[in-house]
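Me: I would like to go through a structure by question and answer, beginning with the overall fold and ending with the ligand site.

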Amino acid sequence: METTFTGTEGQVIRCKAAVAWEAGKPLSIEDVEVAPPKAHEVRIKVVATGVCHTDWEYLYENKKGMRFRPFPLVLGHEAAGIVESVGPQVTKFAAGDQVIPLFLPQCQECDRCLSPKTNLCKRAKTQVGVLADGTSRISCKRQQIYQFLGVSSFSQYTVVPDTSLAKINSNAPLDKVFLLGCGVSTGYGAALKTGKVERDSVCAVFGLGAVGLAAVMGCKAAGAKTIIGVDVNPNKFEKAIMLGATECVNPNDDSKSIQEVLVEKTNGGVDYALECVGSPVVMSAALESTTDAWGVCVIAGWTETESMSVVVEKLLMGRTLTGTYFGGWKSVEGVFKLVEDYMEKKLKLDEFITHDLPLNQINQAFETLKSGTSIRTLIRLWEKEAPAEEVTS
Ligand SMILES: NC(=O)c1ccc[n+]([C@@H]2O[C@H](COP(=O)([O-])OP(=O)(O)OC[C@H]3O[C@@H](n4cnc5c(N)ncnc54)[C@H](O)[C@@H]3O)[C@@H](O)[C@H]2O)c1
Ligand SMILES: [Zn+2]
Ligand SMILES: [Zn+2]
């Protein structure tokens with residue numbers, strides 16, 4: 001995509017954004033002002049964004065004890081765009097670069113970034129709703145609008161730290177690779193990076209949304225011989241099979257618990273169970289569906305405050321319970337590489353996009369995600385009219 005920016009550098013940009021004024025209410029399309037980037041910040045023109053379950057959770061599920069989430073805010077953290085301008089001391093980006101903003105930074109300086117053991121850069125989660133100087137770059141009606149996970153991609157422009165941005169292939173289609181900003185990278189890495197699924201292994205993936213389907217794809221890429229997709233919504237099964245599941249199971253089809261069903265079906269339990277729902281009950285079921293001796297359970301589903309129950313004997317008998325944030329990828333390097341993999345047709349993305357809508361219909365994307373009729377809706381921030389039909393890939 002060719003984009004030239006003239007005259008906006010250093011200026012406040014007025015553009016459209018979907019603002020969440022308060023929890024539990026639909027988003028509202030507003031004219032917002034996006035300030036120029038400060039030191040070590042980059043302003044990007046957001047071209048494509050998805051709606052992830054985590055956006056839904058922050059807006060609609062206000063569970064007791066959840067971390068402080070300031071409103072009003074601009075949600076959105078799975079996106080791709082083009083650099084419009086850079087702030088002082090930014091050396092790795094220039095106007096016109098194709099980029100994916102990252103909710104998990106990779107500063108490449110902290111002890112965690114320097115360790116091969118983790119992707120959890122120390123700069124992650126230090127601030128809620130604001131950038132390094134304690135303020136947001138987005139405002140509306142003279143009010144500061146908080147940013148979400150340091151990204152806020154439901155805005156035509158946003159400003160992100162230069163440590164939370166991956167420069168990607170200049171030919172990559174932004175309306176596909178935006179998926180690598182969250183859901184697909186998370187699920188794919190849950191299997192490949194965190195779980196380290198082995199060839200010829202037996203796997204179960206709980207939850208077949210974008211994260212779970214990407215986990216299925218990761219198990220397949222690792223050479224697993226059996227990949228069992230588990231979801232309470234059987235409409236998800238067709239796509240799971242297309243992406244590599246060898247069979248699918250609906251927990252509601254049996255009077256036995258899903259863990260009993262899986263242990264029986266696999267003569268003792270699966271080698272790897274990947275939880276991609278975000279439910280503590282399902283997390284326990286996933287752990288209990290793994291085999292004695294070397295079963296590995298990876299939690300990718302999100303919950304901030306709830307606890308899962310663990311029968312200690314399950315751990316004593318050799319199981320490993322672990323979790324994954326952004327699929328274990330060091331974000332800047334991982335996203336660059338995953339985009340290359342897509343360009344080389346080693347990784348599928350098109351199959352995850354079931355709907356295609358303009359920004360002003362974003363509330364519909366939330367509804368279809370929640371009702372289970374979509375996997376991911378591509379939100380185009382610059383298209384005036386929605387293409388009329390659903391995408392059927
Ligand atoms: N760890 C991370 O870094 C990270 C990143 C992105 C998303 N997440 C989390 O991953 C989870 C999945 O995200 P998504 O966008 O794919 O969500 P989604 O809503 O698209 O998919 C969730 C799926 O789980 C299924 N499900 C619900 N209850 C179930 C049950 N009892 N048993 C089996 N399946 C069940 C639903 O039918 C749905 O298909 C969410 O919790 C999200 O917040 C975590
Ligand atoms: Zn997400
Ligand atoms: Zn770091």
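Reply: The radius of gyration is taken over C-alpha atoms, and the globule rule is 2.2 Å times the number of residues to the power 0.38. This is a predicted model, in which local features need pLDDT of at least 70, side-chain atom pairs count only at pLDDT 80 or more, and totals for chains, interfaces and linings use all residues. Residues are numbered from 1 along each chain as its sequence is written, while chains are lettered from A and ligands numbered from 1 in the order in which they are written.

Me: What radius of gyration does the chain have, against that of a compact globule with 393 residues?
Reply: The C-alpha trace spans about 65 × 50 × 45 Å along its principal axes. For 393 residues, the rule puts a compact globule near 21 Å, so the chain agrees with it, at 21 Å.

Me: What percentage of the 393 residues count as buried?
Reply: A residue is buried if 20 or more other C-beta atoms lie within 10 Å of its own, exposed if 12 or fewer, and partly exposed in between, with C-beta atoms placed from the backbone. By this count, the buried part of the chain is 51%.

Me: How many helices and strands make up the secondary structure of the chain?
Reply: Helices (H or I, at least four residues) and strands (E, at least two) are DSSP runs, numbered from the N terminus. The totals for the chain are eleven helices and 18 strands.

Me: Which strands pair with β3?
Reply: Two strands pair if DSSP finds at least two bridges between them. Strand β3 (residues 41-50) is largely enclosed by the rest of the structure, because ten of its ten residues are buried. Its pairing with β5 (residues 78-86) is antiparallel over eight bridges, and Val46 stands opposite Gly81 there.

Me: Which residue in β18 is the bridge partner of Ala48?
Reply: Within β18, the partner of Ala48 is Arg380.

Me: Which strands stand at the edges of the five-stranded open sheet?
Reply: The sheet has mixed pairing and the order β1-β2-β7-β8-β4. Two of its strands each have a single partner strand, so one side of each is left without a neighbour in the sheet; these are β1 (13-19) and β4.

Me: Which pairing in this sheet involves β4, and is it parallel or antiparallel?
Reply: Strand β7 (residues 138-140) joins β8 through three antiparallel bridges, with Ile138 opposite Ile145. Two bridges join β4 to β8, and the pair is parallel.

Me: Which residue in the hairpin of β7 and β8 takes a positive phi?
Reply: This hairpin has two residues between the strands. The positive phi, near 50°, belongs to Lys141.

Me: How many residues of domain 2 are in contact with domain 1?
Reply: Domain bounds come from an automatic or database domain assignment, which gives domain 1 (13-181 + 348-380) and domain 2 (184-326). Their centres, taken over C-alpha atoms, are separated by 28 Å. Two residues are in contact if their C-beta atoms, placed from the backbone, lie within 7 Å. On that basis 19 residues of domain 1 meet domain 2, where the number in contact is 17.
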